[in-house]
Each structure stands twice: as C-alpha cells, then as structure tokens.
Amino acid sequence: MGKQTLRITILLGILITLVGGTGIFAVFSDRALTGPSDVHSAQLAKAADLVIAAAQPQDPMNSGPFLCDTYSDDLVTPLMTFTTNLGGGDERFLCLVNIGSSAVDVSLTAVDLADLDSDCTGDEAAFGDTTCGRDQTTMAPQAGELSPVLTVETDLYDCLTGSGLLTPGAPDFSATLSGLATTPQSLQTLQPNGQVCVRLRVYWRATGDAAQISQSDEATWRFAFDGTVQSN
Amino acid sequence: MALGWRGWRAAALAAVLAILLPLTAFLVSVWLLGWQLQHVESGSMSPTYPVGSLLVTAQLDPADVEVGMPIVFEDPREAGRLVTHRVVAVTPGSQLAFTTRGDANATNDPSPVPARLVRGRVLWSVTYLGSVLDWLQWPRSFLLLVAIPASLLGWLELRARRPLHQAIRRRELT
C-alpha cells in the first residue's frame, strides 16, 4: 500500500471518526414490546374456556376503555422484562374472556417460578446471603431471594368503560410473587362470554436485611389465569 | 496477468477512494443536514427494515404523523430507548398519542406513544449498512482508519530514510 493511499485513508478516517462523534449515530434498540405471554390459561373440562389477549388502555394515562388485541389460549412473548431499583416496578394489562358455556371462577397463580442469584454485590454476603453469586465449582447461579419481596398487585376493570370493578383507589388484590406461586389468588367469576381486563403490577418492595440479600437477583415466572367451573 | 507493486498500489488507492470517499461524503452530508443514523438490531420491523439495516432519520413534527408512517420514538416504558415502529392509530386531541406496532409483531405495542416522545421519521433505509457502520464506530474507526495506517506510514518513512542515514555515516567514517 503506497504512502499516498495511507495518507488519504488517514484523512478520511479522521473525518469519519470526527463525524461519528457528533451524535449522528442514534442509540437504537428495537426490542418488540408486545406485552403478553408469561400468562397462560389452562384447558378445562366441562366447556370452560378462557382466552387471553394483551390489552392497551386507550388513554396514555392508563385509564379509560381498553383495546384488546387478538385473543388466544396462551400468550407467547415475554410479559415483563425489566430491571428496577428498590421500590420500582412495572405493569401490564391483559384481557380475559370466558368463551366456554359455563360460568368459571378465575384465579391467578405464578407458575414456573425460578429465583436466581448470579452476582454477589454490595453488602449482600455480609447480611447473611449464603447463596450469593455463582457456585464456584459449577459457575451456575445459586438460589435467589427476590420473589418473596416482589409484590404483585392486581386490579380488575370493565374493558368497555375502563372503570375499576372492585376497590377504587387501592389494589384489588396484593400478594408476594412467592405467595402467588403457592396460593392462587381468587379474582372473579366470569359468566359465559364475560370479559374482564386485568392490570398486573410488580414491584420490588423490601426493607432492611431482605432488601440487601435480594439485590442483583433475578426472578422468572409466568402468570396463569385458571378458570374453574362452578360446582352446583 | 500478475499485478506488479505499482499495480497493487493503484488498486489499493482505487479501493480506498471507492469505499471511503463515498462513505465520508455520506456521513458528512448526514451531519450537515441534521439527520441521524440508526442501526436496526431486531426483526420487529421485518421485512421492511431487516436486521442490520441502516435507517436515515429526520426530525418530525408530531402533528404531521399519519397512520401507516414508520416513526422513531422514545419507548414510553424505558426512558432513552429508541424504537422504530409503524403508526396504526392516532388518538387526536389535546393528549395527542399514537398506537404503534412492529410490522412483524402480532400485536400492537403495549403503551400508546405520547406526542412528546416522537423523535423523528424514517427517510430511507439501506440493508446491511447498519451493521457495518455500527461496527465502525469509535474506537474501531480510529484504530482501523487512522492509528494503523499512521503507524504503517511512519514505518515506511523510517525505512525510506535509513539508507540515507547509512550513507551519511559511511561518509563521516571515511
């Protein structure tokens, strides 16, 4: 390669580097945020059939009527994926319809729950987290402590009007994620062709030692809405 | 026919001029016009904008947004994260907002996009070029196009001067 070529390359390279540093390259990430699908509705006997869809409040302030997307038995894309500071959280909206021929009692459960601790940060170990970070032999994450301090708040809405169905000004139901994994939360009875919109909020709420040992942990799960035909 | 040293030098010069000159002109033009470049990292807008494409975007008045237009906006649920999706519905009024969806997505995006989060519109896209330019950003561009050629140039200059130094030294000794 000749000196002339090198000089031209350097000159153009300086220009490219300088222009590249002026901010013409926007930070771009295009992950699809189509809510749904850590949620699934079980297939039931006796003509009970729950279908689910992602919902969108028509008002940007998250109130008012809801737009329900295409219904399906189960939703497949991730529902919630976020990293949060202490006290923070995220929320998603869903529509449920009972297309079966019988009224069903709908309950909410957390299934496939996994608590992982892949990093030992801050004072986590000093506060008695004996499963802090990865196992030094297998390098696999050890047991985490996040799900007992994740609060799941559930609110029910009339999809057509957007008005709350149960407790105005307060969550209709509240439970820890680990609690939801062991004890289903009974929500509402849905008549045949009955529809309800659900808001799910998940917060990291912890204090004292529990906050310390649950830091830099990870919890994965799916929400399940189960419809059970009412016994006569 | 094999290329001689001069042939290789001419080919290298031609390659540099053919690749770097248009690239530099393109980047400088984008900079002067106040546009922005974006690299498509996921397939939510396929096949319109395949992964690896380069999007050239310009600022946009939210009042000019129409249904069917791909817009660049800041994710309402994650501050600072830019997303390019197509507008499928407009909520008019004092709280102007847009319902968006990726062309390859089965459902609309979960949150409407308020007008204040609209960042621009897509002028055009170039397949594959996004990955190339994304890879070429600082510090790679500096290393590949400035530091390495400068080192090579310095080495060539030194090598060219060595015989001259040796001749002067021989003359001094005699």
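Trainee: Where is the place of Gly88(A)?

Mentor: Strands are DSSP runs of E, at least two residues long, and helices are runs of H or I, at least four; both are numbered from the N terminus. Gly88(A) lies in the loop between β3 (66–68) and β4 (89–98) of chain A. A word on the source: this is a predicted model, where local features need pLDDT of at least 70, side-chain atom pairs count only at pLDDT 80 or more, and totals for chains, interfaces and linings use all residues. Residues are numbered from 1 along each chain as its sequence is written, while chains are lettered from A and ligands numbered from 1 in the order in which they are written.

Trainee: Does Gly88(A) count as buried or exposed, and why?

Mentor: Count other C-beta atoms, placed from the backbone, within 10 Å of the residue's own: 20 or more is buried, 12 or fewer is exposed, and in between is partly exposed. Gly88(A) counts as exposed because it has 12 C-beta neighbours inside 10 Å.

Trainee: Which residues does Gly88(A) touch, not counting residues up to four places away in sequence?

Mentor: Contact means C-beta atoms, placed from the backbone, within 7 Å. Gly88(A) touches Tyr203(A) and Trp204(A) on that count. Trp204(A) is 116 residues from Gly88(A) in sequence, yet their C-alpha atoms are 5.9 Å apart.

Trainee: Which residues have the most contacts inside the largest nonpolar core?

Mentor: A nonpolar core is a set of buried Ala, Val, Leu, Ile, Met, Phe, Trp, Tyr and Cys residues, joined through C-beta atoms within 7 Å. The largest has 42 residues, and those with the most contacts inside it are Ala55(A), Leu94(A), Cys95(A), Leu96(A) and Cys197(A). Strand β10 (residues 195–204) of chain A gives the largest share, six residues. A second, separate core has 30 residues, including Leu12(A) and Val56(B).

Trainee: How many residues has helix α1 of chain B, and how far does it reach?

Mentor: The expected span is 1.5 Å times one less than the number of residues. Helix α1(B) (residues 5–33) has 29 residues and reaches 41 Å from first C-alpha to last, close to the 42 Å expected. Its buried residues are Val16(B), Leu27(B) and Val30(B). They pack against α1 (3–20) of chain A, together with β1 (36–39) and β2 (54–58) of chain B. Just after α1(B), Gly34(B) has a positive phi of about 75 degrees.

Trainee: How many residues of chain A are in contact with chain B?

Mentor: 40 residues of chain A are in contact with 50 of chain B. On the chain A side, α1(A) gives the most, with 16 residues.

How values were computed
Two residues are in contact if their C-beta atoms, placed from the backbone, lie within 7 Å.
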